[in-house]
There are 2 protein chains.
Amino acid sequence: MVAAAAVEIEDEDDALVRLIVHFDRRRQVSDQVYEALKKAIISLQLPPGTLISENRICRQIGVSRTPVRSAITRLVEDELVEVFPQKGSLVAPIKLSAVRSNHFIRKALEIAVLRRASEAWTPELSARSRQIVTSQAAALADGDLEHFHDLDQEFHRSFCLAANLEGVWSTIQIAKARVDRVHRLASGVGRLPLVLAEHGAILDALDRGDPERAAERLDYHLERAPAIMETLIGSHEKYFVE
Amino acid sequence: MVAAAAVEIEDEDDALVRLIVHFDRRRQVSDQVYEALKKAIISLQLPPGTLISENRICRQIGVSRTPVRSAITRLVEDELVEVFPQKGSLVAPIKLSAVRSNHFIRKALEIAVLRRASEAWTPELSARSRQIVTSQAAALADGDLEHFHDLDQEFHRSFCLAANLEGVWSTIQIAKARVDRVHRLASGVGRLPLVLAEHGAILDALDRGDPERAAERLDYHLERAPAIMETLIGSHEKYFVE
DNA sequence: TCAGGTACACTAGTATACAAGTTCGCTGCC
DNA sequence: GGCAGCGAACTTGTATACTAGTGTACCTGA
């Protein structure tokens, strides 16, 4: 960080520089920093292993260290950042054992929720979920991948609402965040149309009042990413550990 | 909080005063504050609804606001503390809908883990789990309830280890922490011997190679507390909301 | 006596200053 | 040329100072 010459300054022009936050004065700064960093990490804009320094982040986005530290503390809980006291912090590498565990968590919870949702399934709930899938198709056609992923979350969340277990969603979301980077790597654009078909198949089974089949389709849907992951480890070796 | 007279000062002699932390200089202060507060909340030493002020806590345990704030932030994530900006913070009341959701999470995960553990069950794993139950019986005989609860955690965690899904435990633990206050209320000393028997029944089924029966016993074991909870709401109305 | 306004004490959020520890490169000696 | 040792610059952890917003008690006036 020697500011000896303009050339040295140029060295700072890495991924962190593209971290631009538009602040809403009514909301807490630390929350907004947390969300911005989390999105940047999950979207791989800040790749695993990236060194992050509290000082550089707060210089970059123009706030003091306090809210930045608060955000990083929360990201450590999310297992998306690792802090080494007095040494430094970095975007956590993707730990294969953690991916296994969190994938297990997500699958176990989503399937359990789906079974509960199927007991309370109604045409209205079905229509709402199908609307989400339709919007996903539109987002995909527009090439708006961020919106596509947001709608994907909505789709999976809708089952929690249907099961009257909305509180379960936050836990699913945390597990999801811990494996989402793998999903992003795995979602070459070619796979996304298949996602739509898989979502539709789950709803078809629910509409037919066949919870076993619905659970089976959801299981299949969630198993795609891990299956693809195996093939990714080689080409993105730097991102993974263990 | 007007310090008008000595009598008013006496008013500060509430549960917070019994918050004594013996610091280990090698570990981070904020971590130790977090653990101390979490334990105090779950053990109901700080009952739901207790007003907590960052300033009073840091005066009480003799550190600055920074690590206390860090600890409270983490407790908010755990849903054990609620913060109202510029107004105050309090130990979160027990929210019935959250208890439902987190009980659902815990049950879904523990049963899924147990099924996986049963596939890899060995006499060594069985012996280790039975050893824990034996220690629990000793702790109960000694009246050491804290140790009893610690061993209870160990028992449930052992299935994650057996299933080679240790990463799942931290998520179970969070859901557990969110319902543990109910368990504490429900565990009149009379119930604890039954816990030992229920633990034994689960191990018996695993040893017989009967995962269905093991899951059934675990389900029964985990369902005791919610069943008892219904009877508690009346007598501890102040602790609950919704 | 009661209503309204003001001042103060308290809250949490943010900024800054200081402390303790690690890394790495330069300098001087061998 | 190579190695030892010192030092500067960086890291995160903690303490303190300041800001902005809230509620309440008290005082003033009718």
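This is a predicted model: local features need pLDDT of at least 70, side-chain atom pairs count only at pLDDT 80 or more; totals for chains, interfaces and linings use all residues.
Just past the end of H9(B), Gly209(B) has a positive phi of about 70°.

Let's zoom out to chain A. It has 10 helices and 5 strands, and its C-alpha atoms fill a box of roughly 70 × 45 × 35 Å along the principal axes. Of its 242 residues, 33% count as buried. If you take the contacts in chain A between residues at least 6 apart in sequence, 70% of them join residues at least 24 apart.

Here's one example from chain A. Val182(A) lies in helix H8, residues 166–186. Is it buried or exposed? Val182(A) has 23 C-beta neighbours inside 10 Å, so it counts as buried. Leaving out residues up to four places away in sequence, Val182(A) touches Ile94(A), Val99(A), Ala225(A) and Met229(A). Look at that last one: Val182(A) and Met229(A) are 47 residues apart in sequence, yet their C-alpha atoms are 6.6 Å apart.

Now, the core. In soluble globular proteins, nonpolar side chains tend to be buried together. Here the largest nonpolar core has 64 residues, and Val113(A) and Val113(B) touch the most other members. On the chain B side, Val113(B) touches Phe159(B), Cys160(B), Ala163(B), Leu165(B) and Val168(B), again not counting residues up to four places away.

How do the two chains fit together? A rotation of 180° with 0.0 Å of shift along its axis superposes chain B on chain A, with an RMSD of 0.1 Å. That is the relation of a two-fold axis. At the interface, 18 residues of chain B are in contact with 18 residues of chain A. On the chain B side, the elements giving two or more residues are helix H4 (65–77), H5 and helix H8 (166–186), and H5(B) gives the most, with 9 residues. By class, that side has 9 nonpolar, 7 polar and 2 charged residues. And 100% of the interface residues of chain B are also interface residues in chain A, so the copies meet through the same surface.

Most residues other than glycine have a negative phi. Asn164(A) isn't a glycine, but its phi is positive, about 60°. Asn164(A) sits in the loop between H7 (145–162) and H8 of chain A, and it's partly exposed, with 15 other C-beta atoms within 10 Å. Gln86(B) also has a positive phi, near 65°. You'll find Gln86(B) in the loop between strands E2 (81–84) and E3 (88–91) of chain B, and with 4 other C-beta atoms within 10 Å, Gln86(B) is exposed.

Note on methods:
Residues are numbered from 1 along each chain as its sequence is written. Chains are lettered from A and ligands numbered from 1 in the order in which they are written. Helices (H or I, at least four residues) and strands (E, at least two) are DSSP runs, numbered from the N terminus. A residue is buried if 20 or more other C-beta atoms lie within 10 Å of its own, exposed if 12 or fewer, and partly exposed in between; C-beta atoms are placed from the backbone. Two residues are in contact if their C-beta atoms, placed from the backbone, lie within 7 Å. Ala, Val, Leu, Ile, Met, Phe, Trp, Tyr, Cys and Pro count as nonpolar, Asp, Glu, Lys and Arg as charged, and the others, Gly among them, as polar. Copies are superposed by least squares on the C-alpha atoms of residues with pLDDT of at least 70 in both. A nonpolar core is a set of buried Ala, Val, Leu, Ile, Met, Phe, Trp, Tyr and Cys residues joined through C-beta atoms within 7 Å.
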